[in-house]
Amino acid sequence: MNETQIFKLYACCHLVSGSTRSIIYDLQRKECEFIPNILAEIIEKFDGIKSISEIKQFYESEYDDTIDEYFSFLVNHEFIFFLAGSENYRFPKIDLSFRQPGVLSQVTIVVDTLFDERSQVILAEITELGCRDIQLIYLTATCFSKIASDLEHFSQSAFNSIEIISGYDPTLHRDEVIKLVQESHRISCWLIHSAPITERVREQHFGMQEIIYSEKVYDAYARPEFTNAAGFKLNIESFTESHHKNAFYNGRICIDKKGELKTALFNQELFGNITENPIRKLLEDPRIELLWNSKKDNTAICKECEFRYMCQDNRLPLKIDEAETWAHQVPCHYNPYTAEWANEEKCIDLVLKTSPPRTPPDTELPK
Ligand code: SF4
């Protein structure tokens, strides 16, 4: 460890402090580590300014062992490097502005007779609005030939990924489903629920494609609750988006089987029918943009949570004042004031690839 040169946090590593602890998000490796808030404060205060020996002097050599432990942790995890002071200007911070290529990012379509009749119009409209990811939901058991024929609508489209959720039908043979997924490079995931077996099949074909047979019954109208960190997203796109937008709702719409536009299938509020107005027109409803902009930094409790730039919270926030402050009526399973999940499962390992000992001690250092 270099004690005399100035330390610098890598530009891809970002500190996010919560009420009781902080996290270093490594956006390049898509990994992260918990650190005590005091270490986050030291990094923020001295990053690119002081060397380890200068920091020890700052604390009058009273906490040398703790500071050594902190910096060994940062070096071992390759969060920091050392440089001559005059080089600091060569390492600017990453630009966290967020630009969205299209108005829409993801559209969920409940496939029913309406989609059968108007698929070309719907797909043309959402393509024009920049949508690249589609989710097709079949509410009931649907045969292989129907799904295969619907997918033909997408053969010449510009969509990047198609996720399918369908009820089990005996014609959904494993081999046929795999063949179709292999042929259609756009299918990112196909969940076949209410199946007689539970099985996960992964196909590697220009990225990960997944087929899941599940015995569980899927209720499209029930909001999926997250009870641990498994659904969090740790990447530069989600990180920058969360600084400006609601990472779950932004750019996302749903068209139900009657053509009603919603923000999510499990939400009640309707924003007009796509058979009466173009989707672009329905998106002019100010409530939609307001929701898309409801970022975690303006949301009660979440703004004090260290997960706020990776969290994919799907609860519908409520605007509680004119300053665009938001709150939730339903509590989250994570409590940022105790750093505990309600179910006591601290399932952080699901997204945080770390091995113990991983968190440096939380020691009180004077500021
Ligand atoms: S929803 Fe829960 S986990 Fe997500 S930012 Fe808010 S408090 Fe944290």
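Modeller: Two residues are in contact if their C-beta atoms, placed from the backbone, lie within 7 Å. With that in hand, here's a first result for this predicted model: among contacts with a separation of 6 or more, 69% join residues 24 or more positions apart.

Biologist: Okay, and what is the protein built from in terms of secondary structure?

Modeller: Nine helices and 17 strands. The C-alpha atoms fill a box of roughly 75 × 50 × 40 Å along the principal axes.

Biologist: What makes a residue count as buried, and what percentage of the 367 residues do?

Modeller: The cut-off is 20 or more other C-beta atoms within 10 Å of the residue's own. Here, 29% of the 367 residues count as buried.

Biologist: Why are E6 and E7 called paired strands?

Modeller: Pairing needs at least two bridges. E6 (residues 106-110) and E7 (residues 133-141) have five, in the parallel sense, so they pass. For instance, Ile-109 stands opposite Leu-136 in E7. To get from E6 to E7, the chain goes through helix H4 (residues 113-128), in a right-handed β-α-β crossover.

Biologist: Which stretches make up the two domains?

Modeller: Domain 1 takes 1-94 + 236-243 + 293-367, while domain 2 takes 106-235 + 244-282. Their centres, taken over C-alpha atoms, are 35 Å apart.

Biologist: How many residues does each domain put into the contact?

Modeller: Domain 1 gives 29 residues and domain 2 gives 21. On the domain 1 side, helix H7 (residues 236-244) supplies the largest share, seven residues. By class, that side of domain 1 has 14 nonpolar, nine polar and six charged residues.

Biologist: Which residues surround the ligand?

Modeller: Lys-296, Ile-301, Cys-302, Cys-305, Phe-307, Arg-308, Cys-311, Asp-313, Cys-332, Tyr-334 and Pro-336.

Biologist: Why are there three charged residues in that shell?

Modeller: Check the names against the class: Asp, Glu, Lys and Arg count as charged. The shell comes to eight nonpolar, no polar and three charged residues.

Notes. Residues numbered from 1 in each chain as written. Predicted model: local features only at pLDDT ≥ 70, side-chain atom pairs only at ≥ 80, totals over all residues. Near = placed C-beta within 6 Å. Helix = DSSP H or I, 4+ residues; strand = E, 2+ residues; numbered from the N terminus. Right-handed = clockwise from strand over helix to strand, strands pointing away. Domains from an automatic or database assignment. Buried ≥ 20, exposed ≤ 12 C-beta atoms within 10 Å, placed from the backbone.
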